[in-house]
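Please read the following report alongside the sequence and the model.

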Amino acid sequence: MNAGRGPQGDDDSDDPFIPDYSEGVETGMYLALFELLDEGLIITGDEIVLEANSAACRLLERDYRQIAGKPLADLFPSEQAFLEARGRLFIQGEMRGSLQVSLPGARHRNLRFVAAARIRPGVHALILSPDVFAEPYEEAEAPSGDTLWPRLAAALEQPVIVVDAENRVAAANAAALKTLNVSRDRLVGHPIDACVGVEWPEAETVPIARLRPRGRKAALTARVLPGPKPDWRLLILPPTTRQAAPAARGGTPGDFFERMCAESPLPTLLCEGPDQRIFAANTAATLVYGYPRQVLCSMRLADLRATGNTAGELTDCRVWRHRRQDGREFEVEILAYPIEPSDRPGAMVLMHDLPDAPLLATQLRLPPSVFEPANRAIMVTDSKARIVAVNRAFTAISGYSLAEVKGKNPSILSSGRHDELFYAELWRALSETGHWQGEIWNRRKGGAVFPEWLSITAVRSREGETFHYIGMFSDLSTKRQAESRADYIAHHDTLTGLPNRRLFETRFLEAMRRAEQPRRGVGLMRIDLDNFKTVNREYDHDTGDVLLQQIARRLLATLPPGGTAARERSDTFLAMIPDVDITGDVGHAAETLLSALAAPYHVKGSEIRLSASIGIALYPEDGVSFDVLMRHAVAALLHARQLGGNNAQYFTDEMDAVGIERLAFETNLRQAVDRNQLEAHFQPLVDVRDRRVCGGEALLRWSHPDLGLIPFRRFMGAARDVGLLTRMGDWVLHAACAEAANWPACGGSAPRVTVNIAIEQIMHGDLAERVHSALEQSGLPPSRLELDLDELVLKEENARILSALTALAEMGVQLAIDDFGRGVASIPKLKRYPLRALKLDPALVREVGVREDSEAIVEAITAMAGVLNLEVLARGVESEAQQAFLAALGCRLQQGPLFGRPMAAEEFTAFLGKRSGGG
């Protein structure tokens, strides 16, 4: 007896939890299993608890009504705990373990579980037992045999045979052995074909098998059900005479038929024998066919069929044409089922819905007791739509008893969600066709609104006069809850609760359609967390999960109204800004997101700091389809990462056209720093007026174990692609400062050191702090450090660049633009940034004396620099002619092969020692 249920012997019509056996032996089998077990057993389907036995109610300290029909998630302390358990049990297929469940009063309890074999697709079973010490359940050796299903079979009075995947009999109860007249040792463990001839049903047909026991002429029919394991089957045989329901009730099969079917609204016949002779018919059948019962029960089934109708098999479900006594024909879908009473071998029940043609009756008697076994709510009204009968399922679903609704209009259940037009269409369909079905929202007695699937049929006379309306409905609340949860899981990230990419794409396409009419735009952002993997390495994955949840909340809180955030995968997020008027709106939103994401996170007592990179694509400027925009946002994100991360970049056409250089030794490059394979070489910078060495430019080299010394220009693309430029740049900065601190003075002053700074190092966000650290550790004065900046800094529009360069200048560090003259410079920014010098692009220097246009460019640059009070330096000087031309323009500081090639650190220090006299 399940906890919370009324006594089984009490016929309490107000108790909706009395077991429903209307679905036959399968339901009875499961209910027998539930109470047979000492362990707690829960059956779930679509993440809803379908059934629970008394032991489960005791373990969970809940009433049966608080478990059955409720979401499985209600049994867990949190949604996250449920999702983890769901993944372990239903997705990963974990068979044994320990679960923490919730108890009333906000308490928790650990239970051991065994995930029993599935009952059918989508339906699972959990066997629960106490876990007193709250320790993980250790895998135990599997029992030698299956004890669960033999216990089940033994508990049933109806014959049951369990057949395994190899067609052997795994279990059979005493009733089955008696029916087959065979001993247990000759049946169990043996192939079923060796004991009983079986004709299994074909796929997609009615699941009825035919058994031919040895020594028995007549075949037996058996219903086939899914077994306890994949590819196992259950054979449910007809009950013996002693077990048959009619005998148990003290009557004959005819009496049983009269009680169960005589007043049913469905035309029902009982047939037997090879000629399918009718031996019983209910009132509805006599009204439909027009024959008196005595005449109908003397006919064969073939007598009712229209001319040319094939006999067919009674176990088929198909549409047949039948003929009434007056010769008129109608179509019906026949359902036939074997019942095999002991005194009528081969008997079949044959029933069908009411035909579309008018009934040959003046009234239909519909006492409520006929419908009590049904598990769908049934309501019958008279021709004036006044309720005259309801069944128990109606009371269970609506909360109203017959006394409360009798004589009233069904509008008593109206929810108010449907307008007059809806009901007008409903009654029009009933008037024209005599039938209506669809989903409708009604209201329970307590006021709760619920969805139901309603089917209404008008019962009419030959003249078309309506006598009754029969409404049948089922509560869709549980189904809607399951569908809602399934829809949520299908469209959301279960960890963060954000939409997934699928739902994000749907919303983005909707925003695109809305933007077409007013000709506005939509912004798409792809957000990637910088170095998030280090969080999982330094902490744990739980910390990483909590961090991702906090990040999701910040995204939602920071986005403009109408914006959507989604989690694409791992540490990658998406954001959409709809109804964009100007491009800057998206850029401002991106900067706000970067600032919000960069604020400290507090997880499990630790403070964690992260940054992010954002790629931006705009509709319709950058594409008119979601896939194209996503690809362009990814390209912009890669550019943001190449700039060192912690910044946002718009998509440009160049990003789509130019690929990133990839070298074969990319994998080894990642380990070059850790393996001490990097070297800093130095090339002298000379004042051409007196040939004094004024400084040395640090140049990175990779001492590859197989390929030898590789210059930086050969692996720069690979380093940028794998995100190593910032790390390698920091290594060169520290190495160069440490070497320069020990350089001897030349001409009375110590040479300065020049270090190239990639834009990625600036965009990383803390360049000034890292430069200060290198100077402090080496003891090098800031005035002796010059940082050469890539000309790209003049192209990027970012406040972070100005802030970083201003902080470095205030420290006393010299700043110069390297490789100037490649065509991307913005002259106004030369005054905006605190720069000291410009270094000519070596490509321009090499063409001095060769191309007049290059010489003109150099002259223009030197003239402009003079106006802006910037010094001009030259790199790549190879000849005396180049040196003289540049010196004449006032470019006194020069560097290149003419003055010395790059040297290793020790060699360059020795070189300075020889020149310390200024010679």
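## A hairpin and its turn

Strands E17 and E18 form a hairpin with 4 residues between them, and in the turn Ala385 has a positive phi of about 60 degrees. Helices (H or I, at least four residues) and strands (E, at least two) are DSSP runs numbered from the N terminus, and two strands are said to pair if DSSP finds at least two bridges between them. This is a predicted model, in which local features need pLDDT of at least 70 and side-chain atom pairs count only at pLDDT 80 or more, while totals for chains, interfaces and linings use all residues. Residues are numbered from 1 along each chain as its sequence is written, and side-chain values use heavy atoms, with hydrogens and water left out.

## Burial of strand E17

Strand E17 (residues 377-382) is mostly covered, since 6 of its 6 residues are buried, where buried means under 20% relative accessible area, exposed over 50% and partly exposed in between (1.4 Å probe, protein chains only). In a regular strand the side chains alternate between the two faces of the sheet. Both faces of E17 are covered: Ala377, Met379 and Thr381 are buried on one side, and Ile378, Val380 and Asp382 are buried on the other.

## An open mixed sheet

Elsewhere, 5 strands form an open sheet with mixed pairing, in the order E23-E24-E22-E27-E28. Strands E23 (564-569) and E28 (648-650) stand at the edges with a single partner strand each, so one side of each is left without a neighbour in the sheet. From one strand to the next the twist averages 25 degrees, with axes taken as lines fitted to C-alpha atoms (for helices over the stretch in contact) and angles running from 0 to 180 degrees between N-to-C directions.

The pairing of strand E27 (residues 612-619) with E28 is parallel and extends over 3 bridges, and here Gly615 stands opposite Gln649 in E28.

## Salt bridges

A salt bridge is counted where a side-chain nitrogen of Lys or Arg lies within 4 Å of a carboxyl oxygen of Asp or Glu, and by this rule the count comes to 35. One of them joins Asp164 and Arg168, whose closest N and O atoms are 3.2 Å apart; Asp164 is buried, with a relative accessible area of 8%, whereas Arg168 is partly exposed at 36%.

Another salt bridge brings together the side chains of Arg892 and Asp687 (2.7 Å, N to O). This pair links distant parts of the chain, 205 residues apart, with Arg892 in the loop between helix H31 (880-888) and strand E37 (893-894) and Asp687 in strand E29 (residues 678-687). Arg892 is partly exposed, with a relative accessible area of 27%, while Asp687 counts as buried at 0% relative accessibility. Both residues belong to a network of salt bridges that also links Arg689, Arg752, Glu786, Asp788, Arg836, Lys839 and Glu871.

A salt bridge also forms between Arg691 and Glu880, with the closest N and O atoms 3.8 Å apart. Here again distant parts of the chain are linked, 189 residues apart: Arg691 lies in the loop between E29 and strand E30 (692-704), and Glu880 in helix H31. Arg691 counts as partly exposed at 31% relative accessibility, and Glu880 counts as partly exposed at 45%.
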